[in-house]
Amino acid sequence: MADSKSIEFIEKLISFDTTSRESNLELIAFIQDYLNDLGIDSQLVHNEEGTKANLYATLGDKHISGVMLSGHTDVVPIDGQEWDTNPFNVTQTGSRLYGRGTSDMKSFIAITLAQLPKFQARSLKIPIHLAFSYDEEVGCIGVRRLIEALNGMPVKPAMCIIGEPTSMQVITGHKGKRSYRVHVRGLEAHSSLAPHGVNAIEYASRLIAFLSDLASRIADKGPHDELYDVTHTTVHTGTVHGGTQLNIVPKDCVFEYEFRYVGLQDPQALEDEIRAFARDELETRMHATSSDTGITIDLVNDMPGLEMDVDAEVVTFVKALAGRNDHAKVAFGTEAGLFHQRANIPTVVCGPGSIDQAHKPNEFIEMEQIDACEAFLGRLMDRVCES
Ligand SMILES: [Zn+2]
C-alpha cells in the first residue's frame, strides 16, 4: 500500500503548473520550505532571468560523495489535449492517479520527498543528494547550469539515479541528439528570370534530400545497437519555411533537422559530413551566381547520449535496488547523458510510471508503481543508512 504521504506530495507537486514556459519557483519554494523544516539546507541555481531554478541539497555528511536522486520539475503543455479531468488536480480512479506530470516525472520527486524523514531517522552513513531541475522538456536547458555548479563543488555525487518513468526498469543508455537550424540565403529575381536568381528553396531541398539519403545509408549500414527499438542513428527534417510568392525566386529558406545517434556513432563526423556537402556541393554552385548567397547551419541543441558500462558500479547498485538483473536502453533523451558526460557522474535512469503515458492527455501513474518506487527507496535506505 502506497504511503499516504507519497500521495499527498504527488497531489501537491501536480497542483503547481510548471509547464516549461511557466516559472517553477513556487514549486521550488515549496520543496525548499519542506527541506528547511527537516533541517536540510538547499541551494538554488537560477536561470539568467531569475524566473526558474534548479534545487540541490544534501542529506547527511556534505564532505562525502553520495547517491544523487534527480528529476525535472517541468512538464509538457496540455495545449490542444482533451483531458477528462483537471490536469493540475490529481484525480484517483481505481488504481490510477491522473494528472499532468504523474508519470513524467513529479511522482518520483514526490515519493522521494515523502521518504526523506525515514532516511533521516535511520541516520545516513552515505549521503543522499537531491537535484531537481527546470526546463528539461525543452532541451535539458536548466540542468546545464546545475552541472556547472556541481563541477565547482569540492564534493560531487558518486552516482546518480534519474527517476524518469521507466516502470522501474534499469536504463543504461539512451540516444544522443543534435538539432540544427539551417538558413539558405539565395538571390531574389522575377520568376521569369529564374536563372538569374539563386533559388533558396531548391538548394534547401537538395540538402534535405542529402539528409534523407544519409538516413537511409545509416539504416542500411549501421552502426546498429540491438538494445534500441530503432537500432540505428536517425536523421530527420522537421520544419521548412521559405518563399513569399510564386512569381518570385525565393531568397530565403529556413529548415530544421536533427539526428538522434547511438553510442557507436560519432556525431561530429556526421555533422562534418553534412557541413561538407553544403559547402562543397551547394555553396560552390550558389556562389557562381552570387557571392552574397550561402548556407548557415546552426547547432541549436546538443544533448549527449547515455552509454553506461553494464559492469559499472551504478548499474549493479541500482539493479539491486530495483530487485532485477536486466537492463535496457530507451529511445527518449534524458539528463543522464549530461550528468555522465559533462559532470563525470555515473548515471542510470530508473523511475516509476510508464513513458507510454507521458506527454499524453489523461496521463496517469499506477499505484503499484508508487509502491515499487517506495520499495526501491527502502532498499536504498538499507544501503546508505546506519540502521
Ligand atoms: Zn521526463
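Does V314 count as buried or exposed, and how many C-beta neighbours does V314 have inside 10 Å? I began my entries with this question.

**Entry 1: the model.** I noted that this is a predicted model, in which local features need pLDDT of at least 70 and side-chain atom pairs count only at pLDDT 80 or more, while totals for chains, interfaces and linings use all residues. I numbered residues from 1 along each chain as its sequence is written.

**Entry 2: V314.** I found V314 counted as buried because it has 21 C-beta neighbours inside 10 Å. The term buried applies if 20 or more other C-beta atoms lie within 10 Å of a residue's own, exposed if 12 or fewer, and partly exposed in between, with C-beta atoms placed from the backbone. I placed V314 in helix 7, residues 313-322. Helices (H or I, at least four residues) and strands (E, at least two) are DSSP runs, numbered from the N terminus. Leaving aside neighbours within four places in sequence, I listed M159, M308, P346, T347 and V348 as contacts of V314; two residues are in contact if their C-beta atoms, placed from the backbone, lie within 7 Å. From V314 to S354 I read 40 residues in sequence and 22 Å in space, C-alpha to C-alpha.

**Entry 3: the whole protein.** I recorded nine helices and 18 strands. The C-alpha atoms fill a box of roughly 80 × 45 × 40 Å, taken along the principal axes. Of the 387 residues, 43% are buried. Among contacts between residues at least 6 apart in sequence, 78% join residues at least 24 apart.

**Entry 4: domains.** I looked up the domain assignment, which gives domain 1 as 4-174 + 305-384 and domain 2 as 176-303; such bounds come from an automatic or database assignment. The C-alpha centres of the two domains lie 36 Å apart. Their contact takes 10 residues from domain 1 and 10 residues from domain 2.

**Entry 5: helix 1 and helix 3.** I found helix 1 (residues 4-15) packed with helix 3 (residues 106-121) at an angle of about 135°, their axes 8 Å apart. Axes are lines fitted to C-alpha atoms, for helices over the stretch in contact, and angles run from 0 to 180 degrees between N-to-C directions. The angle makes helix 1 oblique to helix 3; angles under 35 degrees count as roughly parallel, over 145 as roughly antiparallel, 65 to 115 as roughly perpendicular and the rest as oblique. I listed the residues of the contact on helix 1 as K5, S6, F9, I10, L13 and I14. Those of helix 3 include K106, S107 and I109.
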